[in-house]
Amino acid sequence: MKPLFQIENMSVAYGKKSVIRGADLAIYPGETCALLGLNGSGKTTLLRAACGLIASDGKTQVGEVSLDGLTDRQRAKYLSYIPQMTALVRGKSVFEIVLMGANPHLHLLESPGPTFHQAAREALARLQLTDLREQEFDTLSQGQKQLVVLARSIVQDTPVMLMDEPDSALDFRNRHLVLGVITRLIREQQRAGLITMHDPNFAMAYCDRLLLLKHGDIIGQIEMNRDSHPLIQEKLSQIYGPIELIRHRDSYFMLQRT
Amino acid sequence: MAKYFRLPKAALFSVVLFLLLIAFVISITHGQFPISLSEILAIVTGGEVKDITARVFFQLRLPRTIMALMAGIGLGMAGNIYQTIFKNPLASPDIIGVSPGATLGAAVSIVLLGSATLTMATGAFIGGIMVVMFVLFLVRLSPSHTMTTYVLAGIVMGSIARAFIMILKFFADPASELAAIEFWTMGSLASITASKVLTIAPLFGLSLLGVILLRRQIDLLALSEDEARMLGVRLTQVRLFVLGLTTLMVASIISITGLIGFIGLVSPHIARMMHQRNNFTTTILSGLIGAIIILIADTLARSLLQSEIPISILTSLIGVPVLVYYMFRQKELRS
Amino acid sequence: MKRNRLISLLLVIMIIGLSLAGCTTPAQDSPEAPLPEAESPEVQAPEASGDSPITVTDQGGNVVTLDQPASRVVTTFYGQTYAMIALGLEDRLVAMETGADKRPIYSLAAPELMELPNVGSMKEFNVEAAIAAEPDLMLLPKRLQEHADAFAAVGIPVAICHPESQELLEEMLTMIATLCGQPEQADKLIDYYDETYDKVSEIIAPLSEQPTVYLAGNSDYLSVAPDSMYQASLIARAGGRNAASGIEGDYWVDVSYEQLLSLDPEVIILPSEASYPPEDILNDPQLAELRAVQNKRVYAMPSAFEAWDSPVPSGVLGTLWLLAKIHPDQYSIDQMRDDAAEFYREFYDFDIDPSQIN
């Protein structure tokens, strides 16, 4: 199988300081990859570089299409993005926010037609947000907001979905809810997902593959379905130091070793 | 989550348009030259009226009322758009340098070319556009293109423009030129004639049309820059377009009216309070509310005293209570 | 709650709107509003012929053509109204500038003008109010010439006035008198000016000594008239030297105490509209060493009639008064009073109280 999203030899530097050095990654259809690492390991930088939001060296490819040198507008047909927290957007309704996902598919002056209205309604229904349709976006809880932004990504309908710690501002229940919805969607619709994450327990619970980032290098990866318990523990400890990995039914839990 | 009462859109527009109609009729029937409503009806239906009455109506009264309408719509809409794309509820034409630029342009033409309206209007228009172009150029030069850069560049260029205005004021003849500059900054529709309105109408119409066509992009500019870019918004170009169009709109108006204060700040707030949303409907609403305020203010300006009162005095008097109300309402919402 | 607020806001707007409608509508129909044509008796066109059109070039460089002498004139600046009075044409005024009560000459020479409708002033001119008076000649100062278009649009002839010097004043008087069909009225005034200035020249010609005069500004005595101002020309005509002749500028120029002390004028003159009395200068400890202060030669120009220091029709009296102040041996203040009384009797048709000239 060919990868749906591919990054080759990506490097990012802020001035003279090199933040990401020659990162390679490939994500296959239906797969959700987590980008794990401590603070300052370069997770967010790598994700933003993958988005094209910051300048980088290296190649990015979606399917057979190279994204290098594309404009923001062209890139938006292939990549969608969910930020850690949406900025304050005063006075917009949920439906208006979701409908914004149609933008990359419209001319500059074109208005979204009935097809996109239908798509927006379906996206809201899929995430059980139909009741919130006319609510003001800013009055929603963080979890609801992330779901609305996810609905916008659904309307944007891109093969690759990039997410920057979409769960970090959420409470326990909402984290499970949002991550569950995201990974299920990616699997069902055979998209490729890349999520930066803070908490390895949630990453192990929801992602197919974990990319381990340390000081700007991808030092290894964990395949949740293939790698053995001791191997996973060993790889995780390269980042998190002395840890204990506990297995309960099909799930793993990481604990600090005392 | 408390749900606030919202008037349905249709009801909202009915109320606002009705008020606008009242303001329009009051504006058109009031002035120092006596023209009654029945005479206006006669003029419109082709009946018999005195020659001078018809000429005053078509050359002065109607153009002035239409100018007030256009100014309100333009300044109200531009104010809302500025507040949206700068993500700042206090943004106004000042922030991007249109007003100081236009004032500088007007001051230059007053001091160097005399205070004929047409030269003054041309000067104000060129000044407003030029300063905004410098702002955009400055943003281009800077490594960062965030909205903060625009605001900073606006402050820089605005300050430079103000410094030049002060220099011009220092050298201006206090009896005539200085007074003319001061008067320009207070705004007035007193010297509006049909030909002046017709001169700026195409520019105004063009920018209005452009803003209407770009309404969806303006909404997208309300998002964070990352999100907007990832939704395929061509940020630099769209910003350039939107700022260019709103500048054209504001500059075409204030070039012949002088600065009209507070409308761009207050009408968007009233519109948001009424509509409880901020989208293009709010932008239109803001324009209509601006038109109502200016129509009332201008009618007062020409009929309160026998001499004309600068319109900014009245728009400020109307605007300040609204802002104070808004200030207290905000606190109440937070607590 | 929300709804009530909204409704009350709307109500307030409506009430403002309606009360506006209520309070201004009657004013339009009230009898005091000018009802032209019907009411005012047509002023007889003078013998200067009513048939051939009158054509003059105004002081804005435009050609003004009237089919008949102007009989309904609106003025927008006191200089124009003064001119109408001095030319004996005040009965042709149908509206005038605002602020008549602040200028004493109106109540003295033409109290009936106080009843005329106002059209605003230079700063806040109301076009519609002027048109409502239905003038057949509109006099505008140069600063309001932007409004000329509006009058052209409704077919009312406009003449631009710009009396910034004695020559331009005479030109304006001739222009207005001609447009009103009575050019000889202007000739009379101008003849008087010529005669008077000749007389003054004769008086000062043999004098060897020319005292330095400091003509202070209206709002502050630390400002002075430089040579290019009309005010400064009075000094030369009256046989003095402008203390500020080395200073550049075309309006009142601010000076410092040090500058004033180094100028050390022999006479200090306060203009008619000065907002401070001579005592302020006499009592200013910084200025105690000035020659003018030590000799108590600080004088305020009389303010009971017109601003004689400005280019108004009676500006010639400013020169006479100044002559009496700086050369009292050649031309006494009593003589000046007689001349002023005669001028006002002749041209303004009223008797002044000479004691108001100090």
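Two residues are in contact here if their C-beta atoms, placed from the backbone, lie within 7 Å. Keep that cut-off in mind for Ser121 of chain C. And keep in mind that this is a predicted model.

So, Ser121(C). Where is it? Ser121(C) sits in a loop of chain C, between α3 (104–109) and α4 (127–132). What does it touch? Set aside the neighbours within four places in sequence. Then Ser121(C) is in contact with Glu97(C), Thr98(C) and Gly99(C), and also with Ser307(B). One of those partners, Ser307(B), belongs to chain B. Now Tyr78(C). That residue is 43 residues away from Ser121(C) along the chain, yet their C-alpha atoms are separated by 8.9 Å. How exposed is the serine? Ser121(C) has 18 C-beta neighbours inside 10 Å, so it counts as partly exposed. The cut-off for buried would be 20 or more.

Staying in chain C, next is helix α7. It runs over residues 183–204, which makes 22 residues. From first C-alpha to last, α7(C) reaches 32 Å, close to the 32 Å expected at 1.5 Å a residue. Which of its residues are buried? Gln185(C), Ala186(C), Leu189(C) and Val200(C). Look down the axis of α7(C): these buried residues fall within an arc of 95°, so they line one face of the helix. What do they pack against? Five elements of chain C are listed here: α2 (78–86), α6 (166–179), α8 (230–237), α12 (315–326) and α13 (333–348). Turn to the other side of α7(C) and you find exposed residues. They are Glu184(C), Asp191(C), Asp194(C), Glu195(C), Asp198(C), Ser201(C) and Glu202(C).

On to chain A. It has 8 helices and 12 strands. Its C-alpha atoms fill a box of roughly 55 × 40 × 35 Å along the principal axes. Is the chain compact or extended? A compact globule of 258 residues would have a radius of gyration near 18 Å, and chain A has 18 Å, so the two agree. Buried residues account for 45% of chain A. Now take the contacts in chain A between residues at least 6 apart in sequence: 66% of them join residues at least 24 apart.

Last, the interface of chains A and B. Here 28 residues of chain A are in contact with 22 residues of chain B. On the chain A side, α2 (72–75) and β6 (79–82) each supply at least two residues. β6(A) gives the most, with 3 residues. By type, the chain A side divides into 12 nonpolar, 10 polar and 6 charged residues.

Methods
Residues are numbered from 1 along each chain as its sequence is written. Chains are lettered from A and ligands numbered from 1 in the order in which they are written. This is a predicted model: local features need pLDDT of at least 70, side-chain atom pairs count only at pLDDT 80 or more; totals for chains, interfaces and linings use all residues. Helices (H or I, at least four residues) and strands (E, at least two) are DSSP runs, numbered from the N terminus. Ala, Val, Leu, Ile, Met, Phe, Trp, Tyr, Cys and Pro count as nonpolar, Asp, Glu, Lys and Arg as charged, and the others, Gly among them, as polar. The radius of gyration is taken over C-alpha atoms; the globule rule is 2.2 Å times the number of residues to the power 0.38. A residue is buried if 20 or more other C-beta atoms lie within 10 Å of its own, exposed if 12 or fewer, and partly exposed in between; C-beta atoms are placed from the backbone. The expected span of a helix is 1.5 Å times one less than its number of residues. The arc is that of the directions from the helix axis to the C-beta atoms.
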